[in-house]
Amino acid sequence: MYVTEQLGQFTAAIATRTLPPDVVHHAKRALVDWYGALLAGYPMEPTTMVEKALAQELDQGKARLALGRPAATRAAALINGTASHTAEVDDIFREAIYHPGAPTFSAAMAVGQAVGASGDDFLRASIAGYETSTRIGRTMGRAHYQHWHNTGTVGTFGAATAAASLLRLDARQSANALAVAATFAAGLQQAFKMDSLAKPLHSGRAAEAGVTAALMAQQGVTGSLDVFEGEVGLGQSMSDGPDWSHAFDDLGSVFNINAMTFKNHTCCGHTFAPIDGALELQKRHAIRAEDIDSIRIATYSPALAVAGNMQPRTASEARFSIAYVVATALLHGSVRLAAFSQERLDSPVIRALMERVQLEVEPQLDAAFPRQRAAQVRITLRDGQTFAMLQPTRKGDPDMPLSDEELNEKFREFALPVIGQPRSDELIAALWSIDQSANLDPLAR
């Protein structure tokens with residue numbers, strides 16, 4: 001079978017298969033995390049701009065935006081997909097260098113609301129989207145990430161899978177949904193090499209494109225079923241010709257949704273190991289930021305390629321600056337939304353500490369990427385004392401996970417300023433019990 005056919009069979013069967021309790025629980029963890037990211041990014045640019053741009057597709061249809069505004073299905077997927085990637089707090093599957101939640105859940109919620117799906121159907125479809133897309137991303141590998149933004153490309157397949165499941169497409173239709181989605185997959189890394197509002201649009205467009213592909217497949221539109229492994233297909237044109245023969249051997253037996261990274265900082269995930277290492281050294285040795293002479297960070301090369309900006313001037317650029325986030329972490333103790341306020345961006349104290357940060361590639365850590373995201377951090381004080389450590393993983397990675405309560409706290413941090421205490425409490429309860437709900441009404445009203 002072609003890749004699309006293998007994945008089409010899995011997608012068509014997810015609605016009736018028995019799912020292990022731990023998979024359901026981890027899916028709820030991912031849902032809570034996604035909804036917090038959705039609310040965090042909803043009031044921010046470019047989400048507000050996209051909502052205005054799509055005004056003609058709003059106040060109609062059965063789908064809903066984050067605060068309950070009615071929307072056409074595809075518009076809801078696009079806007080919510082954009083919002084949930086805007087604040088840079090959405091989840092990561094590190095082996096695929098990919099944020100699955102924003103495109104997958106955004107597509108699933110839009111279609112689920114449109115068709116009146118139950119909470120169980122919604123959760124199953126989302127799980128399917130995670131499982132197909134993470135394996136596609138893992139197989140496309142590091143070569144794909146050299147130029148492409150995986151959340152825009154790979155995310156299209158998570159969205160298409162989730163939508164196909166909720167539309168009750170059969171195996172053949174689901175395969176065609178993925179084949180059509182492949183022709184829509186896009187998102188260039190150049191979009192966030194300088195100040196730009198385009199990066200969150202990759203997730204929104206992936207959600208909308210996946211929904212579109214599934215709706216078209218429902219009506220009989222077909223695609224090239226060999227689009228992944230064909231001689232000019234996705235693997236050849238957007239990667240280095242990866243081997244697909246065993247890419248899905250564990251599909252349905254191992255669930256990648258159980259191995260998600262949930263962000264503990266509101267910035268690019270490539271900066272996390274440096275942040276965590278710097279904060280740990282500060283804690284261990286009672287380091288005062290004003291006593292630091294230099295900070296040396298050695299890590300894997302894509303971290304420097306994506307987040308090596310030494311002179312960020314805007315919030316968007318600062319989220320992709322190891323020097324900035326490490327400096328603000330050492331001065332303020334964390335990197336949350338306040339880290340990217342104009343006051344912080346203009347802070348001469350932060351800027352002075354940034355000047356003492358040195359970045360370099362460490363070959364062994366580079367070889368371990370993307371499976372491992374590590375950094376060596378060395379801080380030298382003005383009196384000559386030097387403290388160093390290897391930060392082998394990131395707080396929030398599956399081998400150093402956030403607890404359920406930490407996820408709840410993260411959700412509340414983002415939700416309270418947007419929807420207030422009563423609605424936050426109501427919503428978080430609804431998210432944890434979504435598989436028991438007859439519909440998705442509790443999630444957006």
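**A tour of the charges and salt bridges**

Begin with the charged side chains: the chain has 39 positive and 48 negative charges, whose mean positions are 2 Å apart. Lys and Arg count as positive and Asp and Glu as negative, while His and the chain ends are not counted; each charge is placed at NZ of Lys, CZ of Arg, CG of Asp or CD of Glu. This is a predicted model, in which local features need pLDDT of at least 70 and side-chain atom pairs count only at pLDDT 80 or more, while totals for chains, interfaces and linings use all residues. Residues are numbered from 1 along each chain as its sequence is written, and side-chain values use heavy atoms, without hydrogens and water.

The structure holds 28 salt bridges (a side-chain nitrogen of Lys or Arg within 4 Å of a carboxyl oxygen of Asp or Glu).

Select D59 and R69, whose side chains form a salt bridge at 2.9 Å, N to O. D59 is in strand β1 (residues 58–64) and R69 in the loop between β1 and β2 (70–71), so the pair ties together parts ten residues apart in sequence. Strands here are DSSP runs of E, at least two residues, and helices are runs of H or I, at least four, numbered from the N terminus.

Next, select R168 and D121, a salt bridge with its closest N and O atoms 3.2 Å apart. R168 lies in the loop between α8 (155–166) and α9 (171–184) and D121 in helix α6 (residues 119–145), so the pair ties together parts 47 residues apart in sequence.

Finish with E95, E131, R135, R138 and D250, which are linked in a network of salt bridges.
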